[in-house]
Amino acid sequence: MPPWRFRSGDLACAMVIAVATATAASVVVAAGAADGEAEFDYRKLSGIIIPGFASTQLRAWSVLDCPYSPFDFNPLDSVWLDSTKLFSAVNCWLKCMLLDPYNQTDHPECKSRPDSGLSAITELDPGYITGPLSSIWKEWVKWCVDFGIEANAIIAVPYDWRLPPSMLEERDLYFHKLKLTFEIALKLRGGPSLVFAHSMGNNVFRYFLEWLKLEIAPKHYIQWLDKHIHAYFAVGAPLLGSTESVRATLSGTTSGLPITEGTARLMFNSFAASLWLLPFSKYCKADNVYWKHFFEGKAHINRQQCDEMEYSSDNSGWPTTLVSIEVPTVRGTDAYPSIMDITEDITSNMECGKPTLLSFSAREVSDGTLFKTMLDYDPQSKALIHQLEKYYQGDPVLNPLTPWERPPIKNVFCIYGIDTKTEVGYYFAPSGKPYPDNWIITDVIYEFERSLLSRSFFFWKA
């Protein structure tokens, strides 16, 4: 299932949101009238949409000649997602998608930037065949029109979902623009906004709320929120991260695109935003960045601080061990071989013994233990460690890979699909191929109706 598409359960939830928009406003009207206060005009409300990962159109901002293909890339051409160019010029397409894994800059030959407006998030690849497959908020907007919502009452705030949070602000001033969006919506409509965030869009909104603390005087922070945000609807929020990000990091996931898993992994790992979705422990928090700005300056590392429950309970509060990886053991030595040695010629260069199974909890994924352990086995681990330390542990606003606190917004609604198997654990093993195809998934653990099951449908009692 492509990440930009709502699941069937989420589609129903989106309908609930549309109904809730009118219902919540009606409640406000009734409450105001009951208290003898001036009635609140729900027609003054705005809806601000923050899309999820891979859910914003990216357009080329370069001229790129593609040899052996009838299609070139020119400024404003659709990159994500243009299936025609993906099929006919995949190498050119990758140049326009990839970022430098260390500094998140564009490829030297092509750069892409997020589109703007509602069209950037409604449908990624419009067309008779591809349109329904790439629909994101299109049906939701249609429902809003059916409810009689005015055109200027719905505002999209797309962003470059490849970038980590600090780079969104550093390169695009995204959070400054988001703040202005709320303020302009208030002036335009006369009332506060309803925030609709989907998937990683919730992480973006959480970061914005923390960033706002450092931009507004403390005594005005809550006042600003009360004035500009009436309700927050969190749709499919990854409050403890997403295990599928680990799958994409180690073996790649195509999300239905006509590319190999290795190519998908190569692309995914070039985006530092991919780590924004890593799962983490609910028992580990980071230092209070807000106070550090006042008393210790801005140079700090947001290390995780875990309480006793992390070490006395199993699996960081998750239902099972998150990652288990088989690594070959070399007979006659205590050292593990480099993964490059394994993948180049696994049969002739070494004599493999019984594989060793390494297991990692959610905390060991988010604090970098997994990638540091795999440093000798996987060449990509070095870049992932760099991204984790620079853009998350060293983030000047907060370490996003830590548990949420309830945002200080009057009305908060968390909405999820139900009756769907959820991936909660993976088993990996060497494939015998070079990077980026050097790992394969040997088993997947799912959570369903408070039980665990694997691909072989063997059930455990949760």
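I began with Cys 144, which is buried at a relative accessible area of 5% (buried means under 20%, exposed over 50%, partly exposed in between, with a 1.4 Å probe and protein chains only). I then looked up Cys 414, which is partly exposed at 49%.

Notes on the source. The model is predicted, with local features needing pLDDT of at least 70 and side-chain atom pairs pLDDT 80 or more, while totals for chains, interfaces and linings use all residues. Residues are numbered from 1 along each chain as its sequence is written, and side-chain values use heavy atoms, without hydrogens and water.

Disulfides. I counted 3 disulfides, taking a disulfide as a pair of cysteine sulfur atoms within 2.5 Å. In sequence order of the bonded cysteines, the pairing reads 1-2, 3-4, 5-6.

Cys 66 is joined to Cys 92 with S to S at 2.3 Å. This link is left-handed, with -135 degrees about the S-S bond. Cys 66 sits in the loop between β2 and β3, and Cys 92 in helix α3, 26 residues apart (helices are DSSP runs of H or I, at least four residues, and strands runs of E, at least two, numbered from the N terminus). Both Cys 66 and Cys 92 are buried.

Cys 96 and Cys 110 have their sulfur atoms 2.0 Å apart, and their link is right-handed at 95 degrees. Cys 96 is in helix α3 and Cys 110 in the loop between α3 and β4. Cys 96 and Cys 110 are buried.

Cys 284 and Cys 306 form a disulfide with sulfur atoms 2.0 Å apart. The torsion about their S-S bond is about 105 degrees, so this disulfide is right-handed. Cys 284 lies in strand β8 and Cys 306 in strand β9, so the pair ties together parts 22 residues apart in sequence. Cys 284 is buried at 1%, whereas Cys 306 is partly exposed at 25%.

I found 3 strands in an open antiparallel sheet, ordered β3-β2-β4 (strands pair if DSSP finds at least two bridges between them). β3 and β4 are at the edges with a single partner strand each, so one side of each has no neighbour in the sheet. β2 and β3 pair over 2 bridges, and Arg 59 has Ser 78 of β3 as its bridge partner.

I then checked helix α3 (residues 90–97), where the buried residues are Cys 92, Trp 93, Leu 94, Cys 96 and Met 97. Their cover includes β2, β3, α2, β4 and α11, with contact meaning heavy atoms within 4.5 Å.
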